[in-house]
Amino acid sequence: MSVPAAALKEYPARYERVPAIRQVDTSYYCSRCNSICNAFLPGQIAYCRECIGLGRVTANDYLVRIPDAPRQLPQDSVLRWTGKLTPAQERVSRDLMASFTTKSNHLVHAVTGAGKTEMLFKVVATALSAGNRVCLATPRIDVVNELFPRFSQAFSNTKIGKYHGQEYSEPENDQLVICTTHQLLKFYHAFELVIIDEVDAFPYRDSRLLAFGAATAQKLSGCTFFLTATPAKEQLALVKKNQLHYSLLCRRFHGFDLPVPQAKLVVGATISQKGRINWIIIKAIRKLIALQKPLMIFVPKIAQLDSYYRTLSKLFPTVAMASVHAGDAERIEKIMQFRAGELDLLLTTTILERGVTIREAQVIVLDADDRIYNTASLVQIAGRVGRAANDPSGQVYFFYHEYRESIQKAIKQIKRMNKHGK
């Protein structure tokens, strides 16, 4: 945590104190995120703008690092989950145990809906039972909210901290932490095991700042696991060089194929200036609504949500619907309503492209050729469908004006995983 110099006396002497902004020659660097500080308050007091979302740190502040508290080793099993892994999941679980034993970094490349969470339980339980601290971090708030109750149930006797920007609190000495990747900047050499879920997702992807946070949150004696259905080329290159351990899982836990998207050409505007939605899209929406299953419609731009909502509300007055985006103050509540079946249709941006499970969901992607969608995001969006064992199939539509490479590669990748998984 960051504190003014005058408040340092309130903290025990055993707490490490580090200047929040350090000067090297004529440059200033942030000790929390390692960014160069080019902004100054009156009096030429340097401060960091890169991590200001976590609270401003200035050259007059210090970072106080709380040492680990002694932990009494649990007498009983910390894992309360009684489920059973498939043979393929068990293989990945054993791989992770081996990597944790040797403190080796590890990439889990598993299709959407493979049951990555359950595959983590054994290695997390092993680390906690030995008195170690563990952190599961993910770039998206919605994924944190999805993972927290699942881990709370599986590790009901363990104190679990949940941290993200919409529920502000200073981190405590929790043994198990579930947080967004931004929150990792608040920890320093704290965890024996750091797990980054959805490692290829924005904003973690290509972020030097967040990668620094993940690296410094891990103890020097620890290791980091990376989970994704769509790994980056850079990580796969490390695997080929034997610099990163690797597990591949091409099959969902229920054993069925991934639903393959249907790519549909749209002639004319997707939605007109008068709010008229193209007939081919309305036809698909009508078909999916008739299934009486949750329908997610992905829209590339926030500004378009209201137009789609107004038109669809008039066309389908008996269908309970809402729209949601990252800046929506009611975002969490709407997602909970959708998951609970109180909403039939949810218009959304890419914030729900990954990590969120809605039983029996069907999916439509509008303007799938928009630059906002890359191959990974399209694969992830398609992965919202067919996740339940009692409903392993479903329908995914990619509506496009130009059949871009991203669409082609996404469909090809899904088909390839289905073939390898057989």
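UniProt, in an unreviewed entry, lists residues 97–249 as "domain: Helicase ATP-binding"; its positions follow the numbering used here, its feature names are shortened, and its annotations may be inferred rather than shown by experiment. The model is predicted, so local features need pLDDT of at least 70 and side-chain atom pairs count only at pLDDT 80 or more, while totals for chains, interfaces and linings use all residues. Residues are numbered from 1 along each chain as its sequence is written, and side-chain values use heavy atoms, with hydrogens and water left out.

Over residues 97–249 the chain is 34% helix and 27% strand, with the end C-alpha atoms 16 Å apart. Helices (H or I, at least four residues) and strands (E, at least two) are DSSP runs numbered from the N terminus. The unreviewed UniProt entry also lists residues 283–422, as "domain: Helicase C-terminal". The two spans are set out below.

| UniProt span | Helix | Strand | Distance between end C-alpha atoms |

**The seven-stranded sheet**

An open sheet is formed by seven strands in the order β10-β11-β9-β12-β13-β8-β14, with parallel pairing. Two strands pair if DSSP finds at least two bridges between them. The edges are β10 (160–163) and β14 (245–249); each has a single partner strand, so one side of each is left without a neighbour in the sheet. From one strand to the next the twist averages 15 degrees. Axes are lines fitted to C-alpha atoms, for helices over the stretch in contact, and angles run from 0 to 180 degrees between N-to-C directions.

Strand β8 (residues 106–110) pairs with β14 in the parallel sense over five bridges, and valine 108 stands opposite serine 247 in β14. Helix α5 (residues 233–240) packs on the sheet, where α5 touches β8, β13 (218–228) and β14. The direction of α5 makes about 120 degrees with that of β8. Helix α3 (residues 141–154) lies across β9 (134–138), β10, β11 (176–180) and β12 (191–197), and runs at about 160 degrees to β11. Contact means heavy atoms within 4.5 Å.

**The β3–β4 hairpin**

Strands β3 (residues 21–24) and β4 (residues 27–30) run antiparallel and are joined by four bridges. They form a hairpin with two residues between them, and aspartate 25 in the turn has a positive phi of about 55 degrees. Valine 24 has serine 27 of β4 as its bridge partner.

**Cysteines and a buried serine**

Cysteine 30 is buried at 0% relative accessibility, and cysteine 179 is buried at 0%. Buried means under 20% relative accessible area, exposed over 50%, and partly exposed in between (1.4 Å probe, protein chains only).

Serine 323 lies in strand β17 (residues 321–324) and is buried, with a relative accessible area of 12%. Leaving aside residues up to four places away in sequence, serine 323 touches Leu305, Tyr309, Asp328, Lys334, Leu346 and Leu347.
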